Amino acid sequence: MAYRDILLVLHIAAVGAWFGANIIQAVVPGIIGPTSPAAAAWFRVTEKLSGRLYIPAGVTILVSGILLVLNSEIYGFGSVFVSIGFAAVVIGAVLGSTVFGPRSMAMADALESGETSLSESIRAKVGPIGALDTLIILFTIYAMVAKLGA
């Protein structure tokens with residue numbers, strides 16, 4: 001297997017992990033239900049995914065993407081789809097550290113203290129942002145496959 005192929009496999013696998021985790025985070029709370037004792041534990045696990053899944057996936061995406069560009073004779077850092085990829089990683093990192101992590105802990109605290117109106121308020125604010133993050137990933141996958149702007 002060529003070096004480029006190894007990088008591409010790592011890149012795609014990390015994107016798959018990020019995208020798949022987003023889908024799971026969108027689906028599981030509806031399955032658990034807002035009043036289940038497991039709901040608070042789920043949101044504490046969600047917060048821990050940052051360090052155990054999202055950061056490693058983001059770093060893998062970034063490093064393998066940079067190495068793929070550096071080893072390409074066709075595409076460069078000025079390619080539109082490459083810029084879209086960088087933007088998606090930055091947006092994901094910012095949203096993870098400023099929205100998803102802190103709000104997951106706030107959601108767990110609200111559920112454990114029985115503050116259902118607060119937990120619903122948090123869910124109503126975070127849900128659309130999570131959907132946007134997932135759509136950004138999906139658009140970025142499209143941009144990479146289509147080599148948008150190349």
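Mentor: Residues are numbered from 1 along each chain as its sequence is written. In this predicted model, local features need pLDDT of at least 70, side-chain atom pairs count only at pLDDT 80 or more, and totals for chains, interfaces and linings use all residues, while side-chain values use heavy atoms, without hydrogens and water.

Trainee: What pLDDT does the protein chain average?

Mentor: The average is 94, and 100% of the residues score at least 70. pLDDT is the predictor's confidence in each residue, from 0 to 100. Helix α2 (residues 37–70) is lowest, at a mean of 93, and helix α1 (residues 3–32) highest, at 95.

Trainee: Why is α3 called roughly antiparallel to α4?

Mentor: Helix α3 (residues 80–112) and helix α4 (residues 116–146) pack at about 160°, with axes 10 Å apart. Angles over 145 degrees count as roughly antiparallel (under 35 is roughly parallel, 65 to 115 roughly perpendicular, the rest oblique). So α3 is roughly antiparallel to α4. Their contact has 20 nonpolar, 5 polar and 3 charged residues.

Trainee: What makes Tyr75 and Phe81 an edge-to-face aromatic pair?

Mentor: Their rings lie 5.0 Å centre to centre, with 85° between the planes. Rings pair if their centres lie within 6.5 Å; planes over 60 degrees apart are edge-to-face, under 30 stacked, the rest tilted. The pair is therefore edge-to-face.

Trainee: Why does Phe81 count as buried?

Mentor: Its relative accessibility is 5%. Buried means under 20% relative accessible area, exposed over 50%, partly exposed in between (1.4 Å probe, protein chains only). So Phe81 is buried, whereas Tyr75, at 27%, is partly exposed.

Key: Axes are lines fitted to C-alpha atoms, for helices over the stretch in contact, and angles run from 0 to 180 degrees between N-to-C directions. Helices (H or I, at least four residues) and strands (E, at least two) are DSSP runs, numbered from the N terminus. Ala, Val, Leu, Ile, Met, Phe, Trp, Tyr, Cys and Pro count as nonpolar, Asp, Glu, Lys and Arg as charged, and the others, Gly among them, as polar. Rings of Phe, Tyr and Trp (its six-membered ring) pair if their centres lie within 6.5 Å; planes under 30 degrees apart count as stacked, over 60 as edge-to-face and the rest as tilted.
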